[in-house]
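Student: Please take me through one part of this protein closely. I want to know how it is built and what it packs against.

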Amino acid sequence: MAKLRQEETPNAGCAMSQREMNLLWLKDTLEHLTTCQQQLEWAQDAQSVFVLTETMLRDLECCRRLCEGINQRSRLQHVA
C-alpha cells in the first residue's frame, strides 16, 4: 500500500475533531444500513429478516443520537 505524503492527507498531523468523528461514524453507519437493506431485499427466511431489521433499527437509533448531538452542539455554538 502506498504511503501518502503528509501534505496529501487532510488534517495531517491533526487529531480529528468531535464533529469530524461524528460525521465519519454517521457515514459508516449509513453505509451499513445500505448494506443491510440490500441484504434484506434477498432475504427469504424469517430469521434473516429479523436479524437484518433489528440491526437496521439499532443503526437508525445510532444515527438519530448522532444527529441530535450534532444539532445540539451546532445550536450551542450558534448561541455562543
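Tutor: Take helix α2, residues 46-79, in this predicted model. Helix α2 has 34 residues. From its first C-alpha to its last it reaches 49 Å. That is close to the 50 Å expected at 1.5 Å a residue.

Next, the side of α2 that is covered. The buried residues of α2 are L52, T55, M56, D59, C62, C63, L66 and G69. Those residues pack against α1. The protein has two helices and zero strands.

Now look across at α1, which spans residues 18-42. T29 sits in that helix. T29 counts as buried because its relative accessibility is 8%, and the cut-off for buried is under 20%. Setting aside residues up to four places away in sequence, T29 touches D59, C62 and C63. D59, C62 and C63 are all on the list of buried α2 residues.

The nonpolar side chains come next. The largest nonpolar core has nine residues: L26, L33, C36, A43, L52, M56, C62, C63 and L66. The elements giving two or more residues to this core are α1 and α2. The largest share, five residues, comes from α2.

Apart from neighbours within four places in sequence, A43 is in contact with S48, V49 and L52.

Compare a spot on the surface. M16, M21 and L24 form a nonpolar patch there. Together they have about 260 Å² of accessible area. L24 belongs to helix α1. L24 counts as partly exposed because its relative accessible area is 40%, which lies between the 20% and 50% cut-offs.

Finally, the whole protein. Buried residues make up 18% of its 80 residues. The protein exposes about 6,800 Å². Carbon and sulfur atoms supply 59% of that area. Now take the contacts with a separation of 6 or more: residues 24 or more positions apart account for 51% of them.

Technical notes:
Residues numbered from 1 in each chain as written. Predicted model: local features only at pLDDT ≥ 70, side-chain atom pairs only at ≥ 80, totals over all residues. Heavy atoms only, no water. Patch = residues over 30% accessible without salt bridge, like charges linked within 9 Å, V, L, I, M, F, W, Y side chains within 5 Å. Areas by Shrake-Rupley, 256 points an atom, 1.4 Å probe, with all protein chains shown as cover. Salt bridge = Lys/Arg side-chain N within 4 Å of Asp/Glu carboxyl O. Helix = DSSP H or I, 4+ residues; strand = E, 2+ residues; numbered from the N terminus. Buried < 20%, exposed > 50% of the residue type's maximum accessible area, 1.4 Å probe, protein only. Expected span 1.5 Å × (residues − 1). Contact = heavy atoms within 4.5 Å. Core = buried A, V, L, I, M, F, W, Y, C linked by side-chain atoms within 4.5 Å.
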